[in-house]
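Q: I have a structure open and want to go through its parts. Can we take it piece by piece?

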Amino acid sequence: MIITLKNQKDIEQRESLIDWIKDLGLDVHISEGVGTTILGLIGDTSKVDIDLIRSLDIVDSVNRIQEPFKNANRKFHPADSIIDVSGVKFGGDNFQFIAGPCSVESEKQVVSIAEEVKKAGATLLRGGAFKPRTSPYAFQGLGVEGLKYLKKAREVTGLPIVSEIMSADFISDFEDVDLIQVGARNMQNFELLKELGKINKPILLKRGLANTIEEWLMSAEYIMSEGNENIILCERGIRTFEPYTRNTLDLSAVPILKEKTHLPVIVDPSHATGINRLVRPMSRAAVASGADGLLIEVHNDPQHALCDGAQSLKPEQFAEVVVDCKKILEVIR
């Protein structure tokens, strides 16, 4: 349920209304915009007397929300959320490039790539320390050692780092990671999501392999319901019957999400297509669709990469993508 208050400054009446609502056992999400205040009621709203609330002088309107996601709903929070990742902002008029290797292979490798992607225009460095692989025999990542190498790259370049967490058991190891990624396979790992909701750290939440937009937003709701509202959504393609690409990049999700939620939305064209020559055109399309950023895999020697070399760009190719996307941004923003 949403209560929109009139543009007035009677704070005492507003606080009295909020206290009354909380006494009913409901939580209240307060969103203050220019000239308006919205109260989002979370919980069993069947006990709320809508006619009584509508009769109050400070209330402009009262509406029930049909969608199951509340905190992530744009109706609760009409303005775009701006998520700050160690000084790099996502959402609103901000656009960011996250780039780096699929997997951290060595300190020298990740530092070298970090320097090159920063020079090309990247604002954050990605790198997998823990790698969820389909085959148990494939390279699984360097683990905590890989996180140390990422931190070294951050020390050298100043780029905030992004890496994927596999289990709540590793949360303490990610305390110094700027943006924690929840991968597609863990999008519905609800115990992990709840634990991430208890920390004050930005979360990059990828869409599941075959999940609907509503299921994706409900996963964000799990995190937000525990108190952490610093979430960036990432469309990374969904599994369909089409064999010509690794996944099918659902760019229609971007404008739909912009209608449904206030959270920033970025796109990963690397995992979506699985083919490096498709990354550049799909990056351009993602920008045109209204995305708030791109997550792109970049490797200095893709042919010998230990993970996903086929979808990785070389640094000079990434630089071309950045130039293309900035030109499109000039037109649409």
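What follows is a short chat about strands, helices and a few single residues.

Q: What kind of model is this?
A: This is a predicted model, in which local features need pLDDT of at least 70, side-chain atom pairs count only at pLDDT 80 or more, and totals for chains, interfaces and linings use all residues. Residues are numbered from 1 along each chain as its sequence is written, and side-chain values use heavy atoms, with hydrogens and water left out.

Q: And the labels with H and E?
A: Helices (H or I, at least four residues) and strands (E, at least two) are DSSP runs, numbered from the N terminus.

Q: OK, sheet to start. In what order do the strands of the open sheet of four run?
A: The order is E2-E3-E1-E4, with antiparallel pairing. Two strands pair if DSSP finds at least two bridges between them.

Q: Which are the edge strands?
A: E2 and E4 (59-63) are the edge strands, and each of them pairs on one side only. From one strand to the next, the twist averages 20°.

Q: How many bridges join E2 to E3?
A: Seven bridges join strand E2 (residues 27-33) to E3, and the two run antiparallel. As one example, Ser31 has Ile38 of E3 as its bridge partner. The hairpin of E2 and E3 has two residues between the strands, and Gly35 there takes a positive phi near 85°.

Q: What about E1, how many bridges join it to E3?
A: Four bridges join strand E1 (residues 2-5) to E3, again antiparallel. Leu5 has Thr37 of E3 as its bridge partner. E1 is also joined to E4 by four bridges, antiparallel as well. In that pair, Ile2 has Asn63 of E4 as its partner.

Q: Why is E3 described as largely enclosed?
A: Five of the seven residues of strand E3 (residues 36-42) are buried, so the rest of the structure largely encloses this strand. Buried means under 20% relative accessible area, exposed over 50%, and partly exposed in between (1.4 Å probe, protein chains only).

Q: Switching to helices. At what angle do H3 and H10 cross?
A: The axes of H3 (residues 107-120) and H10 (residues 315-332) cross at roughly 25° and come within 9 Å. That makes H3 roughly parallel to H10. Angles under 35 degrees count as roughly parallel, over 145 as roughly antiparallel, 65 to 115 as roughly perpendicular and the rest as oblique.

Q: Which residues make the contact?
A: From H3 they are Glu116, Val117 and Ala120, and from H10 they are Pro315, Phe318, Ala319 and Val322. Contact means heavy atoms within 4.5 Å. By class, this contact of H3 with H10 has six nonpolar, no polar and one charged residues. Ala, Val, Leu, Ile, Met, Phe, Trp, Tyr, Cys and Pro count as nonpolar, Asp, Glu, Lys and Arg as charged, and the others, Gly among them, as polar.

Q: How does H9 lie against H10?
A: The axes of H9 (residues 276-289) and H10 come within 9 Å and cross at roughly 25°. That makes H9 roughly parallel to H10.

Q: And H6 with H7, what angle do they pack at?
A: H6 (residues 213-225) and H7 (residues 253-260) pack at an angle of about 50°, with their axes 11 Å apart. That makes H6 oblique to H7. In this pair, Ile213, Trp216 and Leu217 of H6 meet Ala253, Ile256, Leu257 and Lys260 of H7.

Q: Is Leu217 buried or exposed?
A: Leu217 counts as buried, at 0% relative accessibility. Leaving aside neighbours within four places in sequence, Leu217 has contacts including Phe69, Ala72 and Leu233.

Q: Last one: what is the phi of Ser86?
A: Ser86 has a positive phi of about 50° although it is not a glycine. Ser86 is in the loop between E5 (83-85) and E6 (88-90), and at 48% relative accessibility it counts as partly exposed.

How values were computed:
Axes fitted to C-alpha atoms, helices over the stretch in contact; angles between N-to-C directions.
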